[in-house]
Amino acid sequence: MSQRTGFPMKLKENVGLSALNTLGVCAAARFYMDVDSLDDLRGALAWAEANGQKILVLGGGSNLVFAGDFDGLVIRMRMASRRWEQVDGTGATLVLGAGENWHQAVLYAARAGYRGVENLALIPGTAGAAPVQNIGAYGVELCDTLLSVTALDLESGELVKLDNAECGFAYRDSVFKQSPGRYIITEIRLRLSRDKPLQLGYRDLEEYLGEAVSPDLDALAVAEAVMAVRRRKLPDPEIIPNVGSFFKNPVVPEEKFTELKSAHPDVVGYPQVDSVKLAAAWLIDQCGWKGYRNLRVGVHNRQALVLINHSGGTGQDVLELASDIRQSVQKRFGVNLDMEPGIVGG
Ligand SMILES: Cc1cc2nc3c(=O)[nH]c(=O)nc-3n(C[C@H](O)[C@H](O)[C@H](O)COP(=O)(O)OP(=O)(O)OC[C@H]3O[C@@H](n4cnc5c(N)ncnc54)[C@H](O)[C@@H]3O)c2cc1C
């Protein structure tokens, strides 16, 4: 047993994490604690500090690659709660504890008749991790509805409330990603509406809904359509372990896009202000990676952005494959691909 000071009741040693990351890679935490309350969280942090242990905050493990073991304390956020605030004529604020399952919360909101997050259905993970990379899908991002984030600021030790602007949201980015280790999110607030227009402009969604689009369409029907579209294209991590999109869509200057377009007329890009967001999946596909597999890991055969762990792959195996993909895209198109998931250990 550990000789370290003040060993909290819930703290465990040498815990395997393969069931706690959707890539299903083997890794272990030197110390581990399930955190169900603010008291748990403060206790875990105090213990880590007293014993000189670094910490890793873990939600659903759906956006992390364990390249090795974590030699410190893994704090698994399980603080689950849902409540409504500021319910008025057409709007309401949904407050979610950090450990709430994101997809279940989306369905809960949609079933209650509120709109705003239905396009983000079936994104795995927890509500507390959603602001970290400002989750987005089908033309909607978390920042479109997020009112505020409550977090423990490890610099001051205080609980702070950051409003939307203070979260520094951008494409797959936020202050939480930019200041790693500073904030532990405990709660998020979403401002939802009964009558805001549904976002149906994303091509796959529009095609799927087809004639079903009518004034009677509600948030739940849209969430169900998003789920159906996603199930067609993306592997279920329960069956084929993965972390969703492995690369961000690169944003390049307009001149670079013009240059690419003249050499590759089919290049897929979405105009932004003064720049163009390229479809990373198209770039990877063009380099011949879609459906590639070696003994342990590979690239999904329907979505080139998704790297998968076929059989006993390690985090290092996946990162090596990612590195080969990045190099070939760089060589062929002169475009740098940034990875979306965080890397731990190794
Ligand atoms: C099949 C699949 C599909 C996906 N589709 C999408 C998609 O469409 N769009 C999208 O944006 N993402 C997508 N993702 C990525 C992932 O689901 C999201 O990024 C999700 O928000 C991660 O949640 P998590 O709880 O699993 O976080 P984890 O993977 O556990 O953690 C991710 C990061 O957040 C930090 N973190 C976790 N909880 C907290 C907290 N409470 N406070 C502070 N930091 C915290 C962790 O330390 C880590 O740095 C997909 C993943 C998979 C496997």
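Which loop holds glutamine 86? Glutamine 86 sits between strand 6 and strand 7, where helices (H or I, at least four residues) and strands (E, at least two) are DSSP runs numbered from the N terminus. This is a predicted model, with local features needing pLDDT of at least 70 and side-chain atom pairs counted only at pLDDT 80 or more, while totals for chains, interfaces and linings use all residues. Residue numbers start from 1 along each chain as its sequence is written.

**Domains**

- The protein splits into domain 1 (12–77), domain 2 (82–233) and domain 3 (242–344), with bounds that come from an automatic or database domain assignment.
- Between the C-alpha centres of domain 2 and domain 3 there are 26 Å.

- Strand 6 (82–85) and strand 7 (91–97) run antiparallel and pair over four bridges; strands count as paired if DSSP finds at least two bridges between them.
- Across that pairing, glutamate 85 faces threonine 93 in strand 7.
- This hairpin has five residues between its strands, and glutamine 86 takes a positive phi near 45 degrees there.
- Further along, strand 15 (residues 269–272) and strand 16 (residues 275–278) also make an antiparallel pair over four bridges.
- Here proline 271 is the residue opposite valine 276 in strand 16.
- Two residues lie between strand 15 and strand 16, and aspartate 274 in this hairpin has a positive phi near 60 degrees.

**Positive phi in loops**

- Most residues other than glycine have a negative phi.
- Glutamine 86 counts as exposed because it has 12 C-beta neighbours inside 10 Å; the cut-offs are 20 or more other C-beta atoms within 10 Å for buried, 12 or fewer for exposed, and partly exposed in between, with C-beta atoms placed from the backbone.
- Asparagine 134 is another non-glycine residue with a positive phi, near 50 degrees.
- Look for asparagine 134 in the loop between helix 2 and strand 8.
- Asparagine 134 is buried because 21 other C-beta atoms lie within 10 Å.

**Helix 2**

- In helix 2 (residues 102–111), the buried residues are Trp102, Ala105, Val106, Ala109 and Ala110.
- These residues are on the same side of helix 2 because they cover an arc of only 135 degrees around the axis, the arc being that of the directions from the helix axis to the C-beta atoms.
- Their cover includes strand 6, strand 7, strand 12 (183–193) and helix 5 (219–233), where contact means C-beta atoms, placed from the backbone, within 7 Å.
- After helix 2 comes glycine 113, with a positive phi near 90 degrees.

**Around the ligand**

- Of the 33 residues around the ligand, the nearest are Gly59, Gly60, Gly125, Gly128 and Gly244; a residue is near if its C-beta atom, placed from the backbone, lies within 6 Å of the molecule.
- Strand 3 (55–58), strand 8 (136–137), strand 12 and strand 13 (242–245) are the elements that give two or more residues to this shell.
- The shell has 19 nonpolar residues, 14 polar and no charged, with Ala, Val, Leu, Ile, Met, Phe, Trp, Tyr, Cys and Pro counted as nonpolar, Asp, Glu, Lys and Arg as charged, and the others, Gly among them, as polar.

**Serine 311**

- Serine 311 belongs to the loop between strand 18 (306–309) and helix 8 (315–333).
- Serine 311 counts as exposed because it has 12 C-beta neighbours inside 10 Å.
- From C-alpha to C-alpha, serine 311 and leucine 38 are 38 Å apart in space, and they are 273 residues apart in sequence.

Note on methods:
Contact = placed C-beta atoms within 7 Å.
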